[in-house]
Protein chains: 2
Amino acid sequence: MTSTSERPLILVSNDDGIEAAGILSLAAALDPIGDVIVAAPLQEMSAVGHAITMREPVRARPWPFRGPSGQITAHAISGTPADCVKLALNKLVPRQPDIVVSGINHGPNTAVNVIYSGTVSAATEAAILGIPAIAFSYCRWGGGDFEASGRIARQIVQHVLANTMPPGILLNVNIPDVPFDDLEGIMITRQAQARWEEEFAERVDPFDRPYYWLSGTFVNLDEGTNTDLWAVDNNWVSVTPIQHDLTAYRAMEVLQDWDWSESSEK
Amino acid sequence: MTSTSERPLILVSNDDGIEAAGILSLAAALDPIGDVIVAAPLQEMSAVGHAITMREPVRARPWPFRGPSGQITAHAISGTPADCVKLALNKLVPRQPDIVVSGINHGPNTAVNVIYSGTVSAATEAAILGIPAIAFSYCRWGGGDFEASGRIARQIVQHVLANTMPPGILLNVNIPDVPFDDLEGIMITRQAQARWEEEFAERVDPFDRPYYWLSGTFVNLDEGTNTDLWAVDNNWVSVTPIQHDLTAYRAMEVLQDWDWSESSEK
């Protein structure tokens, strides 16, 4: 909710890097409804999880970022997505943004993949500070058309600005790879239970030294029809509220019932 | 719970690197109660969050790792803590471990810091696969004596092996920096609400280019007496069950009540 009559201030970040098509689409889609500032990694930063840079300095430089109706203020940053949002909120914005958005990611961030996602970690940094935050992902790994996902992003940002976000959460939005008119609508979802059946290819380098390369197959273990995976597979836009408090509250009671006395020490 | 009469297989990792004092203490403390295999980063990997290495290969090499009663099988790995556990579970262990432990971290992993923690991410990789997993941290940033925390780690591993972990969770254990006899006991806790008041030092490099360096002050916003921060401040060993399903279930209903129709599009 904007407290004044001025246009909302919208901070935009991502993990695919400042030159990715997805962040250009997101900034362009939001430019008509607010004042947009981009702060994004200079380099591609996928699968960095919630990494932050502490042992080294971080650099920021102005970046020529052209939206459909002219220049958009933008900063290219030498760090991770979390660094970008931290630095932007501290040093690069004129006032606290009304909303922080991240994406549009090239590829889905569903199920267990959320914990590896730089796109989500950028939004999490804002949520921790109580700023409404949304991570957007387009369920296609390369290429494609960001037109529909840009429109969806603008709609969802407007809904969030018009409502009050529950405290301590952010929205993780996944948009199916179909034309806008084929989308069924917006579905509030939970993270599907899924996992990677991982494989490490074992190879030998030109100097006869072994190395391993991670690959794998994604396996959905969840038959629910209210999950992020079900939604995008059925042409719904998936909106999952996610939290940064990782406490498993329901497990606390189970653990309190264990006998924690030292007697088991041999 | 071990299903056979053989000694439990215990995989040990960390984020401070294979040469850290904390992982040596952990492996040594567990050596008497099981068959220990160490798989840890070659380099210090703090604050990498849940990063995984996909664009580059990962290398593993045998490492001379000496416990109090002789050699412990160990592998030094070129990747992140999550990489170490993934690779070890796929390629380096003779069978699925009975438990995966991470640490002992040099410094606490409490409150919001959990999301940046490589120590926790190593344990999370095992929890996703349904393997009991524990992250151990010693609440002291440098130096100190790992004797008490090693004893505590051994006790907690024995409790976990003797019980059945609730599904989908891992234990995040923080051990206060006091002698063993001054510890009050074990407390099941939740993550405290807290945040960093961040600052970026602005400096200029020898080539007259500006750079930023992250620092900040940690602020506990939580007055609860069942939090991880309260426990360690009061000489209790904090055991927090944490989950990798980030869904904010309670927020789902709130969001379902929003008007998500397109009418708000300008």
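Student: How are helix 1 of chain B and helix 4 of chain B oriented to each other?
Tutor: This is a predicted model, and in it the axes of helix 1 (residues 21-30) and helix 4 of chain B cross at roughly 50°. Angles from 65 to 115 degrees would be roughly perpendicular and those under 35 roughly parallel, so helix 1 of chain B and helix 4 of chain B are oblique to each other.

Student: Within what distance do the axes of those two helices of chain B come?
Tutor: The axes of helix 1 and helix 4 of chain B come within 9 Å.

Student: New topic: how many residues of chain B are in contact with chain A?
Tutor: On the chain B side there are 66 residues, in contact with 66 residues of chain A. Several elements of chain B each supply at least two residues to that side, among them helix 2 (81-92), helix 4 (147-162) and strand 10 (194-204).

Student: Which element of chain B gives the largest share?
Tutor: Helix 6 of chain B does, with six residues. Sorted by class, the side of chain B that touches chain A has 38 nonpolar, 17 polar and 11 charged residues.

Student: Can we look at one residue, A:Y211? Where is A:Y211 found?
Tutor: A:Y211 is in strand 11 (residues 210-220) of chain A. Leaving aside residues up to four places away in sequence, A:Y211 touches A:R203 and A:D205, and also B:P57, B:V58 and B:R59 of chain B.

Student: Why does A:Y211 count as partly exposed?
Tutor: A:Y211 has 16 C-beta neighbours inside 10 Å. A buried residue needs 20 or more and an exposed one has 12 or fewer, so A:Y211 counts as partly exposed.

Student: And chain A as a whole, how many helices and strands are there?
Tutor: Chain A has six helices and 12 strands. Of the 266 residues in chain A, 54% are buried.

Student: What does the C-alpha trace of chain A span?
Tutor: Along its principal axes, the C-alpha trace of chain A spans about 70 × 55 × 40 Å.

Key:
Residues are numbered from 1 along each chain as its sequence is written. Chains are lettered from A and ligands numbered from 1 in the order in which they are written. This is a predicted model: local features need pLDDT of at least 70, side-chain atom pairs count only at pLDDT 80 or more; totals for chains, interfaces and linings use all residues. Two residues are in contact if their C-beta atoms, placed from the backbone, lie within 7 Å. Helices (H or I, at least four residues) and strands (E, at least two) are DSSP runs, numbered from the N terminus. Ala, Val, Leu, Ile, Met, Phe, Trp, Tyr, Cys and Pro count as nonpolar, Asp, Glu, Lys and Arg as charged, and the others, Gly among them, as polar. Axes are lines fitted to C-alpha atoms, for helices over the stretch in contact, and angles run from 0 to 180 degrees between N-to-C directions. Angles under 35 degrees count as roughly parallel, over 145 as roughly antiparallel, 65 to 115 as roughly perpendicular and the rest as oblique.
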